[in-house]
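Please look over the sequence and the 3D structure below before reading the notes that follow. They are grouped by topic and are meant for someone meeting this structure for the first time.

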Amino acid sequence: MNRRKWLARFGASFVIIGVVLMYETYQALSGRLVVAPWQTVMYAAGSACALALGMLGVRERHRRDDGE
């Protein structure tokens with residue numbers, strides 16, 4: 001399975017994971033979730049990566065291939 005099909009198939013899942021990680025980051029920064037500072041950074045980085053992959057997946061899903 002090539003990258004484009006893979007991103008198109010799992011794009012929505014990456015968006016959901018990104019939103020959950022963003023919520024966990026918010027919880028950690030507001031003090032409701034007690035974690036180490038490096039974990040907060042990892043939540044934020046993971047959220048950014050997952051959302052970026054999710055947006056790429058949505059783009060691939062809705063891409064028009066006029067040549068086919």
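In which helix is Ser47 found? Ser47 is found in helix H2, which covers residues 37-61; helices (H or I, at least four residues) are DSSP runs, numbered from the N terminus. This is a predicted model, in which local features need pLDDT of at least 70 and side-chain atom pairs count only at pLDDT 80 or more, while totals for chains, interfaces and linings use all residues. Residues are numbered from 1 along each chain as its sequence is written, and side-chain values use heavy atoms, with hydrogens and water left out.

**Helix H1 and its bend**

- Helix H1 covers residues 3-30, and a kink of about 55 degrees in H1 is centred on Phe10, where the bend at a residue is the angle between axes fitted to the seven residues ending there and the seven starting there.
- Just after H1, Gly31 takes a positive phi of about 90 degrees.

**How H1 and H2 pack**

- Two packed helices are described by the angle between their axes and the distance between the axes.
- The axes of H1 and H2 come within 6 Å and cross at roughly 150 degrees; axes here are lines fitted to C-alpha atoms, for helices over the stretch in contact, and angles run from 0 to 180 degrees between N-to-C directions.
- H1 and H2 are therefore roughly antiparallel to each other, a label that applies to angles over 145 degrees.
- The crossing of H1 and H2 is left-handed, meaning that the near helix is turned anticlockwise from the far one by less than a right angle.

**Buried residues and their contacts**

- The buried residues in H1 are Leu7, Ala8, Gly11, Phe14, Gly18, Thr25, Gln27 and Ala28, and H2 is included in what covers them; buried means under 20% relative accessible area, exposed over 50% and partly exposed in between, with a 1.4 Å probe and protein chains only.
- Ser47 counts as buried because its relative accessibility is 6%, and, when residues up to four places away in sequence are not counted, Ser47 touches Gly18, Leu21 and Met22, contact being defined as heavy atoms within 4.5 Å.
- Thr25, found in helix H1, counts as buried because its relative accessibility is 10%, and, leaving aside neighbours within four places in sequence, Thr25 is in contact with Thr40, Tyr43 and Ala44.
- The C-alpha atoms of Thr25 and Ser47 are separated by 8.4 Å, although these residues are 22 residues apart along the chain.
- Gln27, also placed in helix H1, is buried at 10% relative accessibility, and its contacts, leaving aside neighbours within four places in sequence, are Arg32 and Leu33.

**Aromatic rings**

- Rings of Phe, Tyr and Trp (its six-membered ring) pair if their centres lie within 6.5 Å, and planes under 30 degrees apart count as stacked, over 60 as edge-to-face and the rest as tilted.
- By this rule the count comes to three aromatic pairs; in one of them, the rings of Tyr23 and Tyr26 have centres 6.5 Å apart and planes at 35 degrees, so this pair is tilted.
- Tyr23 and Tyr26 both lie in helix H1, three residues apart, which is about one turn of the helix.
- Tyr23 is partly exposed, with a relative accessible area of 48%, and Tyr26 counts as partly exposed at 44% relative accessibility.
- One aromatic cluster is formed by Trp6, Phe10 and Phe14.

Technical notes
Helix = DSSP H or I, 4+ residues; strand = E, 2+ residues; numbered from the N terminus. Parallel < 35°, antiparallel > 145°, perpendicular 65-115°, else oblique.
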